[in-house]
Amino acid sequence: MSEGLETIAAISTPIGEGGIGIVRLSGDDAIEIADKVYHMGKKCLADQDSHTMHYGHIVDPKTNETLDEAMVTVMHAPKTYTREDVVEINCHGGLVVTDQVLRLVLREGAMLAEPGEFTKRAFLNGRIDLTQAEAVMDVIRAKTDRSAHQAIGQLDGSLKRTVSDLREEISDTLVQVEVNIDYPEYDEEEITLQKMQTRATKIQAKIKDLLAHAKQGKILRDGVTTAIIGRPNVGKSSLLNYLAHEEKAIVTDVAGTTRDTIEEYVNVGGVPLRLIDTAGIRETEDVVERIGVERSRQALEQADLVLLLLNQSEALMPMDRELLDLTKDATRVILLNKTDLPTKIDRDELQSLIGDDLVLKVSLLNEDGAEAISQQVHDLFFAGQTGDRETGYPTNTRQIDLLEKADQALDDVLMGIESNMPIDLVQIDLTRSFELLGEITGENAPDELITKLFSEFCLGK
């Protein structure tokens, strides 16, 4: 457990009006500081059992002024979020009251917590590892049920256990190597190398399996950047509004209504999409619209998924053909909109331009056929994936990068064995893989990385 840390405090609920506001304290003096500002008759928090809640009032000890009535929870170390003494003051929500309570406990000896400092202390005190710490924010930021399920699985330690098991297998192998090096008369190097090769191959297969699922994990965490494109007035804004289930964009019959990109996170088939509704791509003399068109082209270049809309009530135009060509190598869903109107598009010409790509017929005005969009998006990114497997995914660039480096280190191990390199040199690469896996869980992570990671958390968590 960390020693000598100041008692910290912060508001742990969102700033603004609400039914309840929570001011959280953690540290050796948390209960003593809370007792200075909290009156509950003749009782004091220091005498109360752990994990109990009590009714009383917040009172300024200098002026004896009552600031609010409150329910206060007292929790004794080590069975707390931080493994330190923790007090949570549940007062009325609102900007003024919660701020007054916070300033009061700071005046009585607490230090203002830095972003993520409560979770950082949980890590430093050994209650969670880095993958679980990252999962805390993933739970908070989850945008779909599926992404929340994945984050909770990682919060429970699923990835931690997988990585720890891999490190244990490598550790056992390294012990065998050390025995061979220190006591060669009791073990032959050739036999030890064979064992190392077998284990390294087995461990690498598990790492590759994690990496194979990393794309899905990162998608659930960060979402899929999705560009809605098409020439003006084909229904792009109507599609955004349908997927968002609210009026996010102006819809009119006037071409060029959308002058800029509009962004919105939506849940489509369990996949979080970061939708970008773009200005219709066309030649225009309007300066503002021209800037919007240029941003649309940039959004198209950065997109992981393209939703390309065509108007089936009109013949294909040169801009339609250009967009079909621009997106031919992209992951895309082609939508034939306005099926409530007479068909004028040449289906044979369209088929010759798109090959085997699937086309969905929809009427966004009447919402006919639109439900098929969700299934198609799900199939593009999660076809064949089971719901249970997602809880073990690596979910962010840091984890994926370290797994890739560990995989490469094992490649070096296997190449070294095949090249008949001395066992002590092969051992270096195996140790490197062990250390890289330790960075994932935080056992070998540098202090700068830990500081940066927790600085990205929200205040009060």
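## Helix H1

A residue counts as buried when under 20% of its relative accessible area is left. Keep that in mind for helix H1, which covers residues 30–37 of this predicted model. Which residues of H1 are buried? They are Ala30, Ile31, Ile33, Ala34, Asp35 and Val37. That makes six of the eight residues in H1, so by the under 20% cut-off the helix is mostly covered.

What do those buried residues pack against? Quite a list, as it turns out: strands S2 (20–26), S3 (38–39), S4 (52–59), S5 and S6 (86–92), along with helix H2 (95–107).

## A look at Leu67

Strand S5, one of the strands that the buried part of H1 packs against, runs over residues 66–75 and includes Leu67. Setting aside neighbours within four places in sequence, Leu67 touches Ile58, Gln100 and Leu104.

## The whole chain

Now let's zoom out. The chain has 461 residues, and 49% of them count as buried. Its secondary structure is made up of 16 helices and 13 strands.

Take the contacts between residues at least 6 apart in sequence: 69% of these join residues at least 24 apart.

Methods
Residues are numbered from 1 along each chain as its sequence is written. This is a predicted model: local features need pLDDT of at least 70, side-chain atom pairs count only at pLDDT 80 or more; totals for chains, interfaces and linings use all residues. Side-chain values use heavy atoms; hydrogens and water are left out. Helices (H or I, at least four residues) and strands (E, at least two) are DSSP runs, numbered from the N terminus. Contact means heavy atoms within 4.5 Å. Buried means under 20% relative accessible area, exposed over 50%, partly exposed in between (1.4 Å probe, protein chains only).
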